[in-house]
Amino acid sequence: MTMSLVAGEPNEHPCAECSIRWLSVCAALDDAELRELAHLGRHVHFGACETVFAQEEMTTSFYNLLEGIMRLYKLLPDGRRQIIGFALPGDFLGLAASIRHNFSADAIGHVVVCQFSKSAFARFSEDRPDLLRRINELAVRELSQAQDHMVLLGRRSAEEKVATFLIGWRDRLVQVSGPSRMVPLPMSRQDIADYLGLTIETVSRTFTKFERDGVIEIMPGSICLLDPARAEALAAA
């Protein structure tokens with residue numbers, strides 16, 4: 001993975017017009033507060049596979065994802081990679097209990113983030129209880145997702161894992177772009193395998209079995225859910 005060398009551009013776009021405002025921490029702010037926040041942020045663009053921040057780096061910034069999808073992962077001591085999640089527009093990244101990032105984030109395709117200095121954002125938020133409450137809600141949601149992921153890794157069959165991933169990913173995309181039978185999968189099969197704790201061969205075989213059984217149709221860069229009820233039943237098993 002490569003680090004981006006692109007300098008951030010000042011945030012000249014009115015935050016009130018941001019298409020993902022209602023999904024993000026900014027949903028807790030009024031128009032006057034948004035104008036103030038806009039002066040604290042800068043838009044930064046990343047190309048495919050560029051690193052937004054790296055594990056063990058000092059945490060100096062927060063990132064509000066505006067466009068694109070990011071891959072979140074930890075590197076294990078033996079060099080293996082465990083993907084812990086995929087970030088979508090509206091996700092707020094960089095919150096950590098320690099002074100260093102405990103995971104890495106890189107871009108899947110083109111990504112745009114609104115980057116805030118950690119210290120400046122902390123000063124801005126300290127006397128805004130609605131914003132702090134919103135940040136806490138997002139942190140609780142992340143904790144719940146992490147707990148669900150632990151169960152997924154340890155207690156599910158390969159078919160249940162893949163079905164759970166597809167249904168969960170579909171449900172997250174609905175919040176961003178609305179309902180659809182088409183489920184874009186911009187991440188690679190290896191990414192999905194690393195997220196589910198499976199081999200890429202097992203993931204590929206499971207996708208093929210689901211297609212053979214009429215659950216999905218595999219398409220370039222996506223799948224079509226032909227039988228969502230069956231996939232949901234496997235995910236709920």
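Student: What should I know about the model before we start?
Tutor: Residues are numbered from 1 along each chain as its sequence is written, and side-chain values use heavy atoms, with hydrogens and water left out. This is a predicted model in which local features need pLDDT of at least 70 and side-chain atom pairs count only at pLDDT 80 or more, while totals for chains, interfaces and linings use all residues.

Student: How much space lies in the largest pocket?
Tutor: A 1 Å grid is laid over the protein atoms alone, and a pocket is an open set of points where a 1.4 Å probe fits, with protein on both sides within 12 Å along at least five of seven lines. Points are joined across faces, edges and corners, and the volume is the space filled by probe spheres set on them. For the largest pocket that space is about 1,200 Å³.

Student: Which element gives the largest share of the lining of the largest pocket?
Tutor: Lining residues have an atom within 4 Å of a point, and helices (H or I, at least four residues) and strands (E, at least two) are DSSP runs numbered from the N terminus. Elements that each supply at least two lining residues include β5 (61-75), β6 (81-87) and α4 (158-177). The largest share, 13 residues, comes from α3.

Student: How many residues line the largest pocket, and which lie nearest its centre?
Tutor: By class, the lining has 21 nonpolar, 9 polar and 8 charged residues. Here Ala, Val, Leu, Ile, Met, Phe, Trp, Tyr, Cys and Pro count as nonpolar, Asp, Glu, Lys and Arg as charged, and the others, Gly among them, as polar. The lining has 38 residues, and nearest the centre lie Ile84, Gly85, Glu142, Gln145 and Ala146.

Student: Which residue meets Asp91 in a salt bridge?
Tutor: A salt bridge is a side-chain nitrogen of Lys or Arg within 4 Å of a carboxyl oxygen of Asp or Glu. For Asp91, the N to O distance to its partner is 3.0 Å. The pair links distant parts of the chain, 81 residues apart, with Asp91 in the loop between β6 and β7 and its partner in helix α4. That partner is Arg172.

Student: Is Arg170 buried or exposed?
Tutor: Buried means under 20% relative accessible area, exposed over 50% and partly exposed in between, with a 1.4 Å probe and protein chains only. Arg170 forms a salt bridge with Asp171, with the closest N and O atoms 2.9 Å apart. Because its relative accessibility is 16%, Arg170 counts as buried.

Student: Which residue of helix α7 pairs with Arg170?
Tutor: The salt bridge in question has its closest N and O atoms 3.0 Å apart. Arg170 lies in helix α4 and its partner in helix α7 (residues 228-236), so the pair ties together parts that are 62 residues apart in sequence.
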